[in-house]
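Please find below a colleague's note on the ligand sites of one protein model. It is written as numbered points, to be read beside the structure.

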Amino acid sequence: MTIKTVLVLVTSLLVALICFWSATSLRGQSQRPGDNDLSNWRPVQELPGIRFVGSKACATCHSTESKTHLVTPMAQALAAASDCQILSTHPRLSFRSGPYSYQIMRQGNGSTYTVTDGAKTISEPILYCFGKGQVGQTYVFKHDGMFYETRVSYYKETQNLDFTTGHPRSPSTSLEDALGRRLSAAEVQECFTCHSTASVIGSQLQLNQLIPGVSCEGCHGPGEKHIAAAKARKFKELQIFNPGNMDADGLTQEFCGSCHRSFDQVMVMPRQAGLNNIRFQPYRIFNSRGHKGDPRINCVACHNPHDKLEHDAAYYDSKCLACHLTGSGDAKTPSRSAAACPVSKQQCAKCHMPKVELPEMHFKFTDHWIRIVKPNEPVPN
Ligand code: HEC
Ligand code: HEC
Ligand code: HEC
Ligand code: HEC
Ligand code: HEC
Ligand code: HEC
Ligand code: HEC
């Protein structure tokens, strides 16, 4: 080894160390409470000290995003019982399991959840409806001062109640047990941070401040300072988080993945959540050979977070063909050089992103593990 190579090695080691050190110290800084730098915002992380103003306040200046956002299921991922559409259009829902019968009854602006074994009965008012009901809807209520998730949920396909996903199907051993699952304080905070905005302030659950659903600020961070900056025409310091500035993997895993579950989050789940991880698109796409780390395949390449989901398979073809060739006559470029399909030139997602039913949820999810699907082959995990 010459002195020159040693010097080069030592210098690069030093540079690497400095880079590592400054990256970690920056990260350390970003987690300091009270730090208001919005460039460090992530959806389910709290950023104390700036006020949330609500999505209406954004509409005056951002009419394009605002016009379509409200109709998205994300914007409606949670509702107070009084505003809950499904409960008002389905005034009586019922279900039976062994000796226990369940009922959800609408009266005026409220709904009551009742479980009885014939001898004893527990009735509690429903506080919140979780989920718009694209797949289903689960209810949250309080019993003996604790938050619970109902043992039964509404499913769109059956238009009625069935067991909530993840709850035991075997007969309950007591009325208390039949009622539902008691949520730990940490779990309550997690549920509300993914399905609503500004529900946790100063590490405390503050339901009186909650904005239902994933609002503009649920993704972009609290807007108070941004609006002040925009009004003062300080365009260089807009004080709002734009996820469009993240790299492809960051946007998919750290941003959308903070709610839709990242690869890292799923890896620590027992058996990677089994077939249930079909719901965790960031995990699925990360496993898909050739489909990560490129902006043409991050979540917003195929989904506009401000608009409703596109159901027509043909819509996605142009996304695939941004990288894949269509046939041998097609011009190969460095950026568009992935193999052409020997089978078809259209509706790529139909065959390569198949729908997989989760029987517990009465719903067919779209497999984001893009691949060649062989007949009779089990869904990879
Ligand atoms: C008084 C007008 C005004 C209001 C109200 C307003 N904005 Fe903005 N916003 C702007 C302007 C001006 C820009 C810069 C030009 C552009 O990107 O449209 C901007 C840019 C943005 C950007 C892109 C930032 C970047 O770095 O590229 C985001 C994201 C954003 N606004 C979100 C919001 C959200 C969320 C709200 C509601 C909490 C909101 N805005 C309310 C005026 C406003
Ligand atoms: C703060 C949490 C949160 C973040 C961040 C988030 N989502 Fe969601 N998303 C949800 C929830 C909750 C639902 C379920 C809404 C419902 O149906 O009740 C959902 C549903 C969806 C749907 C399904 C809509 C439908 O019609 O069924 C799509 C598509 C989606 N999200 C895409 C994205 C993308 C893309 C990103 C990143 C840009 C993202 N989400 C970030 C919480 C989040
Ligand atoms: C880490 C974020 C996160 C947490 C925590 C979370 N959810 Fe969700 N939830 C989502 C996302 C993302 C979706 C949409 C994709 C899917 O169906 O898995 C969703 C979907 C749902 C749906 C189906 C919505 C629909 O329109 O069909 C229900 C019901 C639901 N969640 C209830 C709950 C309840 C109740 C809790 C707490 C006990 C909870 N969730 C905790 C992120 C979360
Ligand atoms: C589910 C998360 C999510 C929600 C909710 C959301 N946004 Fe966004 N927004 C994004 C992402 C991701 C981008 C970057 C998109 C891209 O680069 O393609 C973005 C970009 C923007 C931009 C910059 C657009 C540009 O051309 O650069 C503005 C402005 C904006 N959003 C405003 C809003 C407003 C206003 C609302 C509420 C009506 C809202 N957003 C709700 C995720 C979200
Ligand atoms: C290559 C295009 C593509 C990319 C990239 C992509 N999706 Fe999808 N996504 C689809 C298609 C196609 C559907 C099914 C639409 C339909 O038929 O209703 C879908 C459906 C969904 C749904 C609705 C539930 C379901 O299973 O049908 C959610 C939620 C979702 N995607 C979230 C995400 C998230 C989060 C990311 C980023 C990890 C992502 N998607 C990346 C193409 C894509
Ligand atoms: C960012 C560019 C890009 C996009 C967008 C993209 N692909 Fe690919 N895809 C690749 C690359 C690169 C490979 C090759 C991986 C390898 O062979 O090493 C690949 C491989 C594949 C394979 C073979 C997988 C295997 O396991 O052998 C299929 C099937 C496929 N893509 C389908 C699709 C479909 C369908 C879409 C749209 C929904 C899509 N791709 C979008 C880049 C892309
Ligand atoms: C009708 C179902 C179907 C449709 C639609 C379809 N494919 Fe395929 N695709 C297949 C099958 C099956 C194979 C495996 C063929 C084989 O191995 O002989 C395949 C193979 C592939 C491969 C691997 C090629 C290789 O040389 O390794 C890629 C990439 C691919 N498809 C991409 C696409 C894209 C992009 C589209 C849309 C333009 C598309 N497919 C539409 C069924 C389909």
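The points below take up the basis of the model and then its ligands in turn.

1. The model is predicted, so to speak of local features a pLDDT of at least 70 is needed, side-chain atom pairs count only at pLDDT 80 or more, and totals for chains, interfaces and linings use all residues. Residues are numbered from 1 along each chain as its sequence is written, chains are lettered from A and ligands numbered from 1 in the order in which they are written, and side-chain values use heavy atoms, with hydrogens and water left out.

2. The iron atom of ligand 3 has a single protein donor, NE2 of His195, at 2.1 Å. Donors are N, O and S atoms within 2.8 Å of the metal (3.2 Å for Na, K and Ca); water is not among the atoms, so sites may look incomplete. His195 lies in helix α6, residues 185-195. Helices (H or I, at least four residues) and strands (E, at least two) are DSSP runs, numbered from the N terminus.

3. Ligand 1 is surrounded by 19 residues, and the closest are Cys58, Cys61, His62, His226 and Asn242. A residue counts as near if one of its heavy atoms lies within 4 Å of the molecule or strand. A polar side-chain atom of His62 is 2.8 Å from a nitrogen atom of ligand 1, and a side-chain N or O atom of His226 is also 2.8 Å from a nitrogen atom of this ligand. For Asn242, a polar side-chain atom lies 3.1 Å from an oxygen atom of ligand 1. Two or more residues of the shell come from each of α2 (56-59), α7 (216-220) and α8 (224-231); α8 has the largest share, four residues.

4. Around ligand 4 there are 17 residues, with Cys216, Cys219, His220, Pro243 and His306 the closest. At least two shell residues come from each of α3 (63-69) and α7.

5. Which residues come nearest to ligand 5? Of the 20 around it, they are Cys299, Cys302, His303, His311 and His368. A polar side-chain atom of His303 lies 2.7 Å from a nitrogen atom of ligand 5. Oxygen atoms of ligand 5 lie 2.5 Å from a polar side-chain atom of His311 and 2.7 Å from one of Thr366. Helix α11 gives the most to this shell, three residues.

Key: Polar contact = N/O pair within 3.5 Å; in protein donor to acceptor, adjacent residues only side chain to side chain.
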